[in-house]
Amino acid sequence: MCRDRLREVLRQGKVAAFEGDDSARSEDEVGGTLTSEPIDDDCNVRSSQRPSLEEVEDIDAPPKSQRYVESFPRPVATPIHASKVKTKFEILLEDQTRANEDQWGPFASQEEWDLAVWLMKNVGQRSTDEFLKLQATRDRMNLSFHNNRTFLKKVDALPAGPQWECEIITAPGDQVGEDGEIIGEEMELWYRNPIECIKELVGNPAFGDSISFVPERVYTSSDGDDRIYDEMWTGDWWWNTQGKLPDGAAITPLILSSDKTQLSQFQGDKKAWPVYLTIGNISKEVRRRPSAHATLLLGYLPVPKLNCYSDATRSLTSYRLFHHCMSRILEPLIKAGQDGVEMVCADGFARLIHPILAAYVADYPEQCLVSCCMENRCPRCTVDPKERGDFIQPPIAVEHENGHNPQRFSDDGIRAIYQPFWHNLPYCNIFECFTPDLLHQLHKGLFKDHIVKWCTALVGETELDARFKAMSRYPGLRHFSKGISFVSQWTGTEHREMQKIFLGVLAGSAVDKRVVTVVRAALDFIYYAQLQMHTSTTLAALKSCLETFHRHKDIFIQLEIRKHFNIPKIHCLLHYFASIQALGSNDGYNSELPERLHIDFAKDAFRASNRKDYHEQMALWLQRREAMWQREAYIKWLKDQQPGDQDTNTDDGMSISATSIQKYHVAKRPPLRGVSVEFLFTHFSVMDLIPALTTFLFQHQSHPILPNMSDRFDLYKQIIITLPPNVFLSGCPITNRIRTTPAVPPSGRRVGSPAIFDTALIIDNLTEHQSRGGFAGLRVAQIRMIFLLPLQFGVHPHPLVYVEWFTPLGIPDPLTGMHIINRSTRNHCPNSAVISAHRIVRACHLMGKYGTSVAKKGWTADTVIEKGKEFYLNPYIHVDTFATINIK
C-alpha cells in the first residue's frame with residue numbers, strides 16, 4: 001500500500017500535488033479537483049434523513065434544440081364552422097348525465113369497473129364464468145353481473161368503435177375435380193370502414209395535445225441551412241401534398257402496415273394477416289406506444305392455401321387476391337381523399353379531412369407484394385438486380401400501365417397485377433410510401449446476416465466466441481457467456497446487444513484493417529439511422545457512413561468471403577435519406593410495432609376463441625376490448641376536466657428541449673453501515689482511501705480532522721444518474737446505474753457473485769466541458785466506493801466517491817474512432833482520489849484491447865478491467881452515448 005503520500009500530506013499540513021504521476025497530469029489536475037464544487041459552510045450537522053435524490057446543475061446536457069419554423073404559405077386545416085362542436089366524450093358525458101349515470105356505468109361502481117377491466121384483460125370466458133359463480137364471489141363482492149353472459153352483456157353496452165363487416169370471396173381456381181367441375185375456394189375477408197377508423201383517431205380527445213394538421217419546415221437556426229426532420233409534418237411529403245389541395249383543407253396521412261403471423265403453437269397451421277392503420281397527425285412519441293391505442297386494426301386478410309390452383313399460377317393468384325382484398329377495404333379512401341370528408345377533430349372543431357396514403361410499413365417480402373414486383377427486385381426503384389450492391393440510386397419506379405405493355409412488366413420485374421389496390425388512390429405514389437425497416441434491414445439483415453457472418457469466417461468461430469465471453473460487463477448489457485455461435489434463436493434485442501460491443505470484439509484481431517473500417521461504417525450507419533430527430537448534418541453523416549461502407553466493402557471479395565454484393569437489404573439503405581426527408585425520422589415507422597401489435601390484435605384474440613371460425617370471434621373479442629379501452633380513455637379525460645386535478649406544471653412532455661437539471665439517486669440510507677477501513681482494503685481495494693480522503697478534506701475545509709485506520713464508513717451499493725433528454729432521441733430521460741459491490745463467496749446452494757466496480761465519466765475540466773460539450777473535459781474513472789462523509793469530519797452536500805483514474809481522453813483512434821485509454825498511475829500505484837458524487841456525469845463502458853488472441857491473456861468478463869492494460873471507450877453502448885460523441 002502506498003502510504004508515503006499520507007505521511008507527506010500530514011508532514012506538510014496542507015494539500016500538496018503528488019509527485020511521480022505516470023500519466024503526466026498537471027498539478028492543477030491532481031485528484032480531479034473541481035474548484036467550483038459547492039459546499040454548504042453553514043451546515044455543520046449531518047441530518048439523519050439525508051435526501052435520496054439530489055439535483056445539481058446539468059453540465060452534460062446536450063445543447064437545447066432551437067426550432068425555427070417556416071409556416072405553410074396558404075391556409076391549412078381551417079375549421080368549417082366558427083364554433084366548436086361536441087366531441088364524442090362530451091356527447092357521452094351528456095348522455096350519462098341525462099340518464100343519471102356516473103362515469104362507471106353500466107357498471108355499478110369503480111371497484112366493479114376495475115374488476116371488469118382485469119377480467120377482460122387477463123381471464124378467458126370459461127374462467128370468468130367459473131370465478132363469477134364462486135360462492136365467495138357472490139357473497140362478498142355483490143356484483144351486478146353473476147356469470148360470463150351477463151358480464152359480456154355489460155361490456156357490449158359500452159360505446160364501441162367502428163363496426164366489423166365480413167365479405168365472402170370466391171377463388172374459382174384452375175384445377176378440375178373428380179366430378180369434372182372446376183375446384184374453387186371460399187374465404188372470409190373481415191374489415192372495417194377506414195373512414196370510420198380515421199374519424200375514431202382524429203376525434204379522440206385523448207390525442208388532443210398530440211395532433212397536428214399543419215405541415216412545417218423546421219430549421220436549427222434562422223438562416224435555414226440546417227433542416228430538422230422528426231415528425232411526419234416536418235417532412236417534404238406533407239408540404240408538397242398540401243400544395244395540391246385547396247385552401248383550408250387538412251390532410252390525414254395514412255400509415256398502413258400488414259404482416260402475416262402464426263396463431264397456433266406446436267400444432268395446426270392457423271394464421272392471421274392483420275392490416276393496421278394509424279395517422280401521421282398523431283405524434284410519433286404517442287403513436288409508437290401500444291398502450292396509447294393510436295393504431296387500429298383495419299382488417300384480417302384471408303390466408304388461403306389456394307390448392308385449387310396449379311403450382312404455376314398459385315403465386316400470381318395470391319398476389320392478385322391480396323390486391324383485390326386491399327382494394328375492397330380501401331375503396332372508401334378514393335372519394336374521401338379526392339373530395340375530403342367532414343370530421344370532428346379532437347379540439348372540437350370540424351374540418352374537411354383528406355385521408356391520403358403516405359406510408360406503408362412492411363418487411364421486404366410484403367413490400368414486394370404491395371408494389372407488385374418480384375422478390376429479386378427493389379420495391380422502390382428500378383435498379384438492375386445485378387447492380388444492387390453498387391452505390392447508385394436509380395429513379396423511383398413509376399406506376400405501371402394497365403396491361404398495355406406486358407414486356408415492360410417482365411423487363412422491370414413487375415408481376416401482372418393490372419389493378420393494384422393503390423392504383424386509384426389519390427395523391428399516392430406507393431413506391432415512395434415504403435419506409436425503412438430497421439429490424440429486418442439493419443439489425444437482422446445488414447448486421448446479423450451479413451456483417452457478423454463475414455467476420456466470423458475471418459476471425460474464426462472459436463476466437464470470436466472467446467472475445468464475446470471475455471467482454472467486460474455493463475449494467476443492462478447482455479453477457480454472451482457461451483459466445484454467439486450457440487445462440488439458437490435471435491431477436492432484435494440480441495442483434496442490438498451484439499452491435500453495442502461488436503467493434504470492440506473485432507478491433508485488434510488479425511483481420512485486415514479495411515474490414516474494421518467497413519464494420520465501423522456499418523455500425524455508424526445503424527446508429528445514425530436510429531436517431532429520432534434528424535438534421536441536414538446527421539443525414540450528411542448517415543450518407544458518409546454508407547459511402548465509406550461501399551468504398552471499402554470489396555475487401556470481403558478480395559478475402560474470398562463474398563463473390564458479389566447484389567443483396568436487397570444492402571441496396572435498401574440507399575433509400576433511407578429520401579425516406580427521412582419525405583416522412584420524418586425512422587422511429588415513427590418501425591416494423592417492430594406491428595409485430596408487437598400482433599399480441600393484442602391476433603394472438604390474444606385467437607386464444608380467446610374456440611379455434612373454429614376464429615376470425616369472427618377475434619373481431620368480436622377485439623370490439624369488446626376496444627370498448628374497454630375507450631371507456632378507460634374517457635374516464636381519464638373526465639378526471640382531467642375536473643377543477644383541482646389538473647397538473648399545474650407547465651412542463652410539456654412533447655418538447656424536445658433539454659432540461660437544465662441533472663439528477664442522481666442513492667438509497668435513502670446506506671445499506672452497508674459502519675464498515676471498517678481494513679474491510680474496505682480487503683474487499684474494495686481502496687488502498688489509498690486515507691490519503692485520498694485527507695486530500696479531499698484539506699481542499700474543502702480549513703482545519704480538518706484527519707482520517708485514520710480506526711474510522712468507519714457508511715457505503716452505498718450503487719448510484720443512479722438520470723441524464724437529461726437527448727434532443728436526437730425521445731423526450732424520456734435516460735438512467736445510468738453505477739455499481740460498487742464486493743464479491744460474494746458461494747455459500748451452500750447459493751452461487752457466489754464476482755465483485756463489480758463500474759466505470760464512469762467524471763468532470764475533470766469544467767470550463768472545457770461547458771464550452772465544447774460532448775466528452776470534452778471528461779475523464780474516465782473506476783468507481784470503487786460510494787460513501788457518506790463520516791460525521792466527525794463535517795458535512796458535504798453530496799455523497800463521496802473513491803475513484804481510480806484512467807488516462808485523459810486524447811484523439812480517437814483513426815481506425816476504430818474510439819478513444820484508447822489505460823490506467824493512470826502515480827509512483828507505480830493507482831492514481832486515486834476522493835471526489836464529490838455530483839461530478840459523475842454518466843456511466844461508461846470500457847472494452848479490453850484484446851490483441852490477436854484473447855485466450856492467451858486469460859481474461860474473463862469479471863477480470864478484464866482489472867487485468868487489462870489498454871481499453872477502448874465504447875461509444876456504441878447506447879444511442880445516447882453515440883449521439884453525444886458524434887453530433888456536435
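Residues are numbered from 1 along each chain as its sequence is written, and side-chain values use heavy atoms, with hydrogens and water left out. Because the model is predicted, local features need pLDDT of at least 70 and side-chain atom pairs count only at pLDDT 80 or more, while totals for chains, interfaces and linings use all residues.

Begin by selecting Gln530, Gln532, Asp587, Asn590 and Glu592, which are the closest to the centre of the second largest pocket among the 34 residues that line it. A pocket here is an open set of points on a 1 Å grid, where a 1.4 Å probe fits, with protein on both sides within 12 Å along at least five of seven lines, and lining residues have an atom within 4 Å of a point. The space in this pocket is about 860 Å³, taken as that filled by probe spheres set on the points.

Next, colour β7 (250-258), β9 (271-279), α15 (438-459), α17 (492-506) and α23 (592-607), each of which supplies at least two residues of the lining; α23 gives the most, with 4 residues. Helices (H or I, at least four residues) and strands (E, at least two) are DSSP runs.

Then move to the open sheet of 3 strands, in the order β23-β29-β28 with antiparallel pairing, where two strands pair if DSSP finds at least two bridges between them. β23 (820-822) and β28 (846-848) stand at the edges with a single partner strand each, so one side of each has no neighbour in the sheet. Finally, select Asn822, whose bridge partner in β29 is Glu870.
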